[in-house]
Amino acid sequence: MTIALSRRVLVSAFARSFLIQGSWNYKTMLGSGFAFAMLPALRVLFREDPSGMDAALRRHLEHFNAHPYLSGVALGAVLRMEADGEAPEDVRRFKTAVRGPLGGLGDALVWGAWLPAVSLAALTLLWLGVPAWVAVLLFLLVYNAGHVALRAWGFMTGLTGGRGVGRSLGAAALSLWTARVRSLAGLLLGLFCGMALAGRGGLAEAGPIWAALACAAFVGGNLVGHRLWRPAAVAVVAAVALLAAWGWAA
Amino acid sequence: MGGFTVSALRRLNGRLAPEPDGPRPERVSAVHMGAIALDGLRGALLTLIGVLGGRWVMGILAQSWPLGPSDTRGLLLVGGAVSAGVLLRSLGGYRRLRIVFVAGVALALVGARFL
């Protein structure tokens, strides 16, 4: 039996999905947040069935994890499944099946492509002399336009697709979008590096030794990857501390 | 400090999380909103400590800093270059992105020369 969820309930669940990561923990990860987002719908679906409500809340408090921006896909699909009266075990199996793909796709698209691309665009504007507040404002507007659009698309896709949402996700070609945004980020990174080399206030003004050191550091970072980031940060802080101590003694 | 406090908050959230054995909707909402409030407080305190601590450190450094502006910028850009290299690798690496990356560098060099 299908129970229709009102627009108000759906809007409430979608609004709550923005807070889904609010009580992230090492035990159930997004579990509490998922149950929190489901509450408005569960209250309607199990209005006259307290034991059903209890059981539904219990299964949605269980361990769940996904990228927060794409968790709406699972939320929308589970809302649909619960409204369609699907078996609790099917709902549980569905949540287990989608958490890995939603985490991987979201991490690659958002943390691995969209955030770096928009950050680099803002940094490039800053280097070009745009006032800092304008660059920050543009960053917030553009980043969140993509963020909110992705959340809304995910929630609607889940809601319309239900347990068959995998087909809609495949058709959306999120991996292709990730590759495109990464290419854009690569172009912006090249632009930023070029400006750092030859632009106003860049390495060309600092001198050839600094430019050579920066090129070596860039190549090192590209070859070694994240493992180099922490030693490099420690080295820069140590260099600053040593130089300050030297200046103090002199 | 950010990493340490967020780990501590997540451990606390785990202890306060409603047990799936006997949950009440009110408790789910209260714990969730409480965790968000604590995270907000954490962010505000860290920002305050960062701003005050940063000002204090900058005051000390400024008194004894031996490098001129261009060498200081060079030092910071060397540190930043590591992050830029790491970012290029995480975006797919030079081999995969060389065309767009080199196009970006070329565009910047042309812009710096003629603009």
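Contact here means heavy atoms within 4.5 Å. The views come from a predicted model, where local features need pLDDT of at least 70, side-chain atom pairs count only at pLDDT 80 or more, and totals for chains, interfaces and linings use all residues. Residues are numbered from 1 along each chain as its sequence is written, chains are lettered from A in the order in which they are written, and side-chain values use heavy atoms, with hydrogens and water left out.

**View 1. What A:Phe34 touches.** Leaving aside residues up to four places away in sequence, A:Phe34 touches A:Ile20, A:His60, A:Phe64, A:Ser71, A:Ala74, A:Leu75, A:Val78 and A:Lys95. Helices are DSSP runs (H or I, at least four residues), numbered from the N terminus.

**View 2. The ring pair A:Tyr69 and A:Trp111.** Phe, Tyr and Trp rings (six-membered ring for Trp) pair if their centres lie within 6.5 Å; planes under 30 degrees apart are stacked, over 60 edge-to-face, the rest tilted. This pair is edge-to-face, 5.5 Å centre to centre with 65° between the planes. A:Tyr69 sits in the loop between helix H3 (50-60) and helix H4 (71-83) of chain A and A:Trp111 in helix H5 (residues 88-127), so the pair ties together parts 42 residues apart in sequence. A:Tyr69 counts as buried at 10% relative accessibility, while A:Trp111 is partly exposed at 40% (buried is under 20% relative accessible area, exposed over 50%, partly exposed in between; 1.4 Å probe, protein chains only). Ring pairs also bring A:Phe139 and A:Tyr143 into a cluster with these two.

**View 3. Where chain A meets chain B.** Here 65 residues of chain A are in contact with 57 of chain B. The two chains bury about 5,300 Å² between them, 74% of it on carbon and sulfur atoms; buried area is the accessible area (1.4 Å probe) that two parts lose on being put together, summed over both. The rule finds one salt bridge across this interface. B:Arg73 forms a salt bridge with A:Glu205, closest N and O atoms 3.7 Å apart (side-chain nitrogen of Lys or Arg within 4 Å of a carboxyl oxygen of Asp or Glu).

Methods
Helices (H or I, at least four residues) and strands (E, at least two) are DSSP runs, numbered from the N terminus.
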